[in-house]
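Hello,

The structure we talked about is below, with notes on what was found in it following. Please read the notes alongside the coordinates.

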2 protein chains.
Amino acid sequence: MDNIRIEKKAESVKKASAALYTAATSRKNALLNAITRRLREESDAVRRENEKDLANAKKAGISAVLLDRLTLNEKRIGQMIAGVKDVIALPDPVGEIVGRKRRPNGLVIEKVRVPLGAVGIIYESRPNVTVDAAVLCLKAGNAVLLRGGSEAIHSNAKLVEIIRKSLKDVGLPAGCVEFIDTPDRKAVAVMLKQDRYLDIIIPRGSQKLIKYIQDNSSVPVIAHGEGNCHVYVDNSADLRKAEEIVFNAKVQRPSVCNAAEKLLVHENIAKKFLPVVSERLRSAGVELRGDPKTRSIVKYVIPAAEDDWYREYLELKMAVKVVKDVDEAIAHINRYGSHHSDSIVTGNKSNGEKFLRKVDSAAVYVNASTRFTDGFEFGLGAEIGISTQKLHARGPMGLAELTSTKFVVHGSGQVRK
Amino acid sequence: MDNIRIEKKAESVKKASAALYTAATSRKNALLNAITRRLREESDAVRRENEKDLANAKKAGISAVLLDRLTLNEKRIGQMIAGVKDVIALPDPVGEIVGRKRRPNGLVIEKVRVPLGAVGIIYESRPNVTVDAAVLCLKAGNAVLLRGGSEAIHSNAKLVEIIRKSLKDVGLPAGCVEFIDTPDRKAVAVMLKQDRYLDIIIPRGSQKLIKYIQDNSSVPVIAHGEGNCHVYVDNSADLRKAEEIVFNAKVQRPSVCNAAEKLLVHENIAKKFLPVVSERLRSAGVELRGDPKTRSIVKYVIPAAEDDWYREYLELKMAVKVVKDVDEAIAHINRYGSHHSDSIVTGNKSNGEKFLRKVDSAAVYVNASTRFTDGFEFGLGAEIGISTQKLHARGPMGLAELTSTKFVVHGSGQVRK
């Protein structure tokens, strides 16, 4: 029975997507404004529903970190509203002409940005994703089927109700946003088979969830993969800058995908640089693991296992390796890395260029922290996720990445010879 | 055992792809030149291998059409060589800077075109695809794993040998092009699971093959879907032009995906237009099927079943429907069409605009034949296929669609606050 309900919701989203497909920017912004208004007006009701989720979560004994993620207080609702306002201010990607040519036969061929259509979002715990993700999809002209974590089900249901009322406020079909409200995990499996109705699925959550979705979806998936990010310090690097970059990349926010997990150091500067940077990292609580050369220089570094070079720690750990030169660094990164974000610190222009050209990652840096890989930092104005795949979108994804294109051909009676 | 061989070939392609990833344009063009030279020198050998395939095919009693597709004669080898030369002349998409911005913190962020990496191509019968597809992949900096139809196995093996020798001629690893030479159909299933090594799979062939690949691949697929294309003739259309466009779209080459399968006609002009266009189509051998209104006007039109509106005929058949207005035409196309190519013939600018905006297809036309949906006609200079999906590439795919992008970030010591 649930299967049919989920299929019906996917169908409803697909149907409603036609109204959004051609909705004017002013109409979509009016919708987003209505959402901010209702969020403000109904913030007490949102918090009451959130209390139910929190009570259940406490009963189930979830961790303090997860409990915090689940919490919607006044400040967080305020942040949600501010986030929607930011999206209102962004230019509408739909209708943008990304290419135009006139052919010898007189045909004028334009490539125009259009909505994807119906987007599925599968996410975990944090209820603010309900609003953040839905609003980005709507601004890009897409209808959306949401599936949030079961622990946030009351909060999510209330937030979806607010969005659906706002859709009606501006005369758009409520079906533009549907929500799968069963806590049953099988619902995800059913959602993944709705290729008849959904154009794309974006998972946000643990690597385990994402891998499961990639392996089982018949709908195209844009996956946010792991971030096993590297900083390589070249022999010609300004070592003060290098220290700041390594420290920032590792320590500023260790739990996120663009934090550095690995440090590679040129052998000629290892004796000078490693003691300094290691001390700085250790004093911030970073556990250091290293190859034999690193350990011969810094005694408190514990041995790194082969597996360490592949791992995304997402915590205050870092593995360190001494390399012969930029070529070994590049080879190491391309072999062990996750192709997310990697940086070289160097004063040598040609080594920098080589690194940028040869490292096959979504974002490659010279002389900057990997922590900048982010839709806001890259100037996209928003972020629905960071893609580590190569098709459609790679790196931070903003509104444009929630669109497709079509060819619009203007003729005057042309036929093919 | 075969599974391991196929996996090894996928791994070999992935490994070799690093050499192509940064290969200069001159090197890639030298490779393509070497291929043309060897194709010319070894054309007799190619034909001898092709004779073996033809002999087997005749023994197996395949149709004259398929036998023709399988044949490589002097003329076709000449066409293959000319095709490679065309690709040499095309600009290299790799390295193109598609976006650039300077951030307030001084970071300069470029979005740069890079190769996808390792591409899998799965195709049927026509051996020229071996060269056409491989050459496009190579020019875009990609290594390629080929799996052709078993009936062309001798021809394909020889063509791949020529390409691999050419790779060695210019000092690139032969592993840049690998070929699955087992006729066992299970080989495809194994290839579809090589997501560790392949970045993308492009199927070329029947809808059945493509559907199988989409349903079973853990590698992202760019699918070439059906073409159930429409021409809608509006009440304000120039009926002479309309007749030419409909005739061209249906008759000029009925076996291809951008040929029109459906004709929609505004009710106000149906009595005038339908007899004329029907006679013209009938005289070219087109079997006409129609809705009751059409049949009340043109008596020899046979009844169309509900299923007809969904079908891609790929032959001299056309279904005809009288509609109330442009809105009904748009609704019909979005409901029954395959979102490939659809055209309106009209003298009314706002109806034209509405059609272009609301019809959700890879290519939408005003006053031109649907037959132009083609990489060459669109000025891409090449075509690896026509995508009917919305992710990554939609419509004719040229060299640029065989690439990904990466963000290249130039800093001077920036760290995140």
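Y365(A) has V409(B), a residue of β16(B), as its bridge partner. The model is a predicted one. The bridge belongs to a strand pairing across the two chains: β13 of chain A, residues 363-368, runs parallel to β16(B), with five bridges between them.

The contact between the chains involves 54 residues of chain A and 54 residues of chain B. On the side of chain B that touches chain A, at least two residues each come from α10 (239-251), α14 (349-358), β13 (363-368) and β16 (403-414) of chain B. Which of these gives the largest share? That is β16(B), with 11 residues. Sorted by class, the side of chain B that touches chain A has 21 nonpolar, 19 polar and 14 charged residues.

Within chain B, there is a helix pair to look at. Helix α3 (residues 43-60) and helix α7 (residues 153-169), both of chain B, have axes that come within 7 Å and cross at roughly 155°. Angles over 145 degrees count as roughly antiparallel, so α3(B) is roughly antiparallel to α7(B). From α3(B), the residues making the contact are A45(B), V46(B), E49(B), N50(B), K52(B) and D53(B). Those from α7(B) are I153(B), H154(B), S155(B), K158(B) and L159(B). The contact of α3(B) with α7(B) comprises four nonpolar, three polar and four charged residues.

Regards

Note on methods:
Residues are numbered from 1 along each chain as its sequence is written. Chains are lettered from A and ligands numbered from 1 in the order in which they are written. This is a predicted model: local features need pLDDT of at least 70, side-chain atom pairs count only at pLDDT 80 or more; totals for chains, interfaces and linings use all residues. Two residues are in contact if their C-beta atoms, placed from the backbone, lie within 7 Å. Helices (H or I, at least four residues) and strands (E, at least two) are DSSP runs, numbered from the N terminus. Ala, Val, Leu, Ile, Met, Phe, Trp, Tyr, Cys and Pro count as nonpolar, Asp, Glu, Lys and Arg as charged, and the others, Gly among them, as polar. Two strands pair if DSSP finds at least two bridges between them. Axes are lines fitted to C-alpha atoms, for helices over the stretch in contact, and angles run from 0 to 180 degrees between N-to-C directions. Angles under 35 degrees count as roughly parallel, over 145 as roughly antiparallel, 65 to 115 as roughly perpendicular and the rest as oblique.
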